[in-house]
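I am keeping these notes as I go through the model. Each entry says what I looked up and what I found.

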Amino acid sequence: MTKVRFGPSGSTKTLEPLEALEYITSDFTELKAFEVPFTMYQYQLPSYSSEYKENFQKLLQKHEIYASCHAPFTISLTNLRQFRSYGKKRLLKVMKLAKGLGCSIVVIHPGGYQEGLKKENHIKIVVKHCKEVLSEIQNIYLGLETTGKHRQFGKLEELLEVVQQVEKVKIVLDWAHIHARGGGVLKNLDDAINVLQKLENTLGNDVLKDLHMHFTGVEFTIIQQPTLSLETFLTGKKEIIREGSEKKHLPINQNSPDPKLILKAIKEFNVSGTIICESPLREIDALQLFKIYETL
Ligand SMILES: [Zn+2]
């Protein structure tokens, strides 16, 4: 029995939610998950009539689709000033909109590292902001995604610390981002299992019973640079940081990372939940992932 649902973020035809969902439910009936992508909405969010939202929810129910939503890239949980002036308001707006569309979780990239701010303080600020948002909205999860770029807060270890401190915050495992950030770290089955093991060790077995994941092929570069913290500036001690950074998404057949080994790890580790495909071939690759998972 399939324990993992697969689905795309939007679709190759359109990112417009209802149209995309109609297409997926008619032509890709094996797919049982769908992520509404609000990633590119920089300043204004779309608004939908209650009839539109009702139709969207009806379609989800009819085809037993699990829905999630991706918040705009521009909302930051690490930037104090931005969060206060408009970030919090916008995130709450996204979450309300997502609830209206029947989504169970809103996925967000937590934000960039703030210059002069220590790692522990980033964690504190993100925890504080998550609590603030979640105190004003019920019945929906906030999902913090592992990020792929070297300037973004959101390494697995950082997010695990946040998730342990806030109820209703879940970790979203983006396999491509983990691969990219580690400079191509997911090379064999054990590498993928290690990630899941780390989750289980820190958050307990329950986290594996409903895990939200993203998958795509990914191209990345290796960045080498001195640290740019205030401490570096004051002490003059420079440390060279070498890490990978996401460049762009690729179709899953580019094997970066190899979908077979990730899916095998998920199956062997008995993970249940959702895999959203964010490759340029969205629903086509989501179906491919479903088929690979079924044959393993
Ligand atoms: Zn994302």
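Entry 1, V106. I am working from a predicted model. I started at V106 and listed its contacts, leaving aside neighbours within four places in sequence: C69, A71, V94, M95, A98, I140, L142 and G143. I then looked at the core. The largest nonpolar core has 73 residues, and V106 is one of those that touch the most other members, along with C69, V94, A98 and L289. Helix 3 (residues 80–100) gives the most to this core, with 6 residues. I note that in soluble globular proteins, nonpolar side chains tend to be buried together.

Entry 2, strand 4 and its partners. I checked which way the side chains go in strand 4 (residues 105–108). I105 and V107 point one way, V106 and I108 the other, and all are buried. Strand 3 (residues 66–70) runs parallel to strand 4 and is joined to it by 3 bridges. I found V107 as the bridge partner of H70. I then turned to strand 5 (141–145). It runs parallel to strand 4, with 4 bridges between them, and L142 is the bridge partner of V106. Strand 4, helix 4 and strand 5 form a right-handed β-α-β unit.

Which residues of helix 4 are buried? I get H122, I123, I125, V126, H129, C130 and V133. Seen down the axis of helix 4, these fall within an arc of 165 degrees, so they line one face of the helix. An α-helix has 3.6 residues a turn, so residues three or four places apart point the same way. On the other side of helix 4, I find E120 and N121 exposed. The cover over the buried residues includes helix 3, strand 5, helix 5 (156–165) and strand 6 (169–174).

I repeated the check on helix 1, where P17, A20, L21 and I24 are buried. They cover an arc of only 95 degrees around the axis, which puts them on the same side of helix 1. S26 and D27 are exposed on the other side. Among the elements covering the buried residues of helix 1 are strand 1, strand 2 (33–37), helix 2 (50–62) and helix 10 (282–295).

I placed G10 in the loop between strand 1 (4–8) and helix 1 (17–27). Is G10 buried or exposed? I count G10 as buried, because 24 other C-beta atoms lie within 10 Å. Leaving aside neighbours within four places in sequence, its contacts are L15, A20, P37 and R282. I also took the C-alpha separation of G10 and L160, which are 150 residues apart along the chain, and got 28 Å.

I found a cis peptide bond from S256 to P257, with omega near 0 degrees. P257 lies in the loop between strand 9 (240–250) and helix 9 (259–268). I also looked up positive phi values in residues other than glycine. Phi of E64 is near 50 degrees, and E64 sits in the loop between helix 2 and strand 3. With 9 C-beta neighbours inside 10 Å, E64 counts as exposed. Phi of N270 is near 60 degrees, and N270 is in the loop between helix 9 and strand 10 (273–277). N270 counts as exposed, with 11 C-beta neighbours inside 10 Å.

Conventions:
Residues numbered from 1 in each chain as written. Predicted model: local features only at pLDDT ≥ 70, side-chain atom pairs only at ≥ 80, totals over all residues. Core = buried A, V, L, I, M, F, W, Y, C linked by C-beta atoms within 7 Å. Buried ≥ 20, exposed ≤ 12 C-beta atoms within 10 Å, placed from the backbone. Contact = placed C-beta atoms within 7 Å. Arc of directions from axis to C-beta. Pairing = 2+ DSSP bridges. Right-handed = clockwise from strand over helix to strand, strands pointing away.
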